[in-house]
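Let's walk through this one together, starting at a helix and ending at a metal site. Keep the viewer open as you read.

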Amino acid sequence: MPIRMKRILFVEDSEVLLQLYGILLADESDRWETTVAPDGQAAMELLRRSAFDVVVSDMQMPGMSGIELLAEVRKLHPQTSRIIISGITDQAEAADLLNCTHLFIPKPFDVKTLKATLARIGSLDAYLKDDQLRGLAGKMRTLPSFPTLYLEIIREIESPKSSIQNIANIVAKDPGITAKILQVTNSAAFGLTEPVTSPVEAVQQLGMSTVRSLVLSAQVYSSFKASPVKNFSAEALWTHLMKCGDLARTLMRREHASFTESEDAFTAGMLHDMGKLMLADSLPKEFEKALALAKAENIPLPAAELEIFGATHAGLAAYLLGLWGLPAAIVEAVAFHHTPEKSDLKKFSALTAVHVANALCDESEAGNLNLDYLAEVGVADRLDDWHDTAAELAMEQTA
Ligand SMILES: [Fe+2]
Ligand SMILES: [Fe+2]
């Protein structure tokens, strides 16, 4: 089946980058028709004449900023996928202005990340734009705001003066999050002989990147109050998220994925079911019904959620993470953790790892492994090995 050519517009004030964009997709010229514009005004002129499938814009540009431009694109062509390239700290501040249909490429980016984002944009963007999902997100009592402690840690890591002590000081500001991080550090998975009792030791043992992901997950988690929903335990969910994050990252490392990809899988694993907390918090009665329906009819929870809410916990969490501007690899892994076949990216990725980890680290999810998808991305023969890895990890965790 011939694939329709997609039209993409890159907007960037740096001449060097603009040239790079011009040739970036040259090897995929049967799929992408590339146009470039040096600033927001030039881009608007092009956009007034015709629509594009995707607009990729730099954030900081003289004259019209990337945010102003994408806000105009949204008005003019609501169906266009909007991607911004920026530092994540800018992104967190800009999230409200952008609405959530955009995706985000962190700066400094590499060509691989940009191409991988474009490869997944069609399916992911359409998924996040789904009316039912947006309707459900609108019913949330409050959407958790961007976790400020997480932002502080990113800023600290990015700063040339960053130190373990400074990161530990940020963590220590919140006793609840400190407790959660010490709990994870002291869990058997890390195999420490002496218990860790201070944030500094925790950062030393875990590394900055893991602490960053843990703070994100712990802060989202702690923004929800205890849930009254029957047959749902937030504590049990937290344990599931930790196990899944750990296993997803281990699987990525086994497959020799890069550091960033492995960390993305860890973060996505730790966040993938946050939508359940959102539902339990905002729509407890309906969520209780969904849980009961899944049990009574012996169907997966997402199927019951679709029936009751028109969208799923996976979609809801992805919607929130998209709103916060998390990298597309993480948003995608969360969005499709139950339905990986819906992703356009047909290769082993953080999504594959989270999908498999979710099924292998929890008996009740074991039936949800999509073997056809694993075959499609060429890793079906790795499953036995991954089963062993999961069993080893589970042994360590309960030792
Ligand atoms: Fe899930
Ligand atoms: Fe899960």
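Predicted model: local features only at pLDDT ≥ 70, side-chain atom pairs only at ≥ 80, totals over all residues.

Residues are numbered from 1 along each chain as its sequence is written, chains are lettered from A and ligands numbered from 1 in the order written, and side-chain values use heavy atoms, leaving out hydrogens and water.

Now step back into α15 itself. Phe287, Ala290, Leu291, Leu293 and Ala294 are buried there, meaning under 20% relative accessible area with a 1.4 Å probe, protein chains only (exposed is over 50%, partly exposed in between). They cover an arc of only 160° around the axis, so they sit on the same side of α15; the arc is taken from the directions from the helix axis to the C-beta atoms. Turned away from that buried side, the other face carries exposed Lys285, Lys289, Lys295 and Ala296.

On to the metal. Donors are N, O and S atoms within 2.8 Å of the metal (3.2 Å for Na, K and Ca), and since water is not among the atoms, sites may look incomplete. The iron ion (ligand 2) lies 3.7 Å from the iron ion (ligand 1), and Asp273 coordinates both. Asp273 and His337 are both buried.

Key. Helix = DSSP H or I, 4+ residues; strand = E, 2+ residues; numbered from the N terminus.
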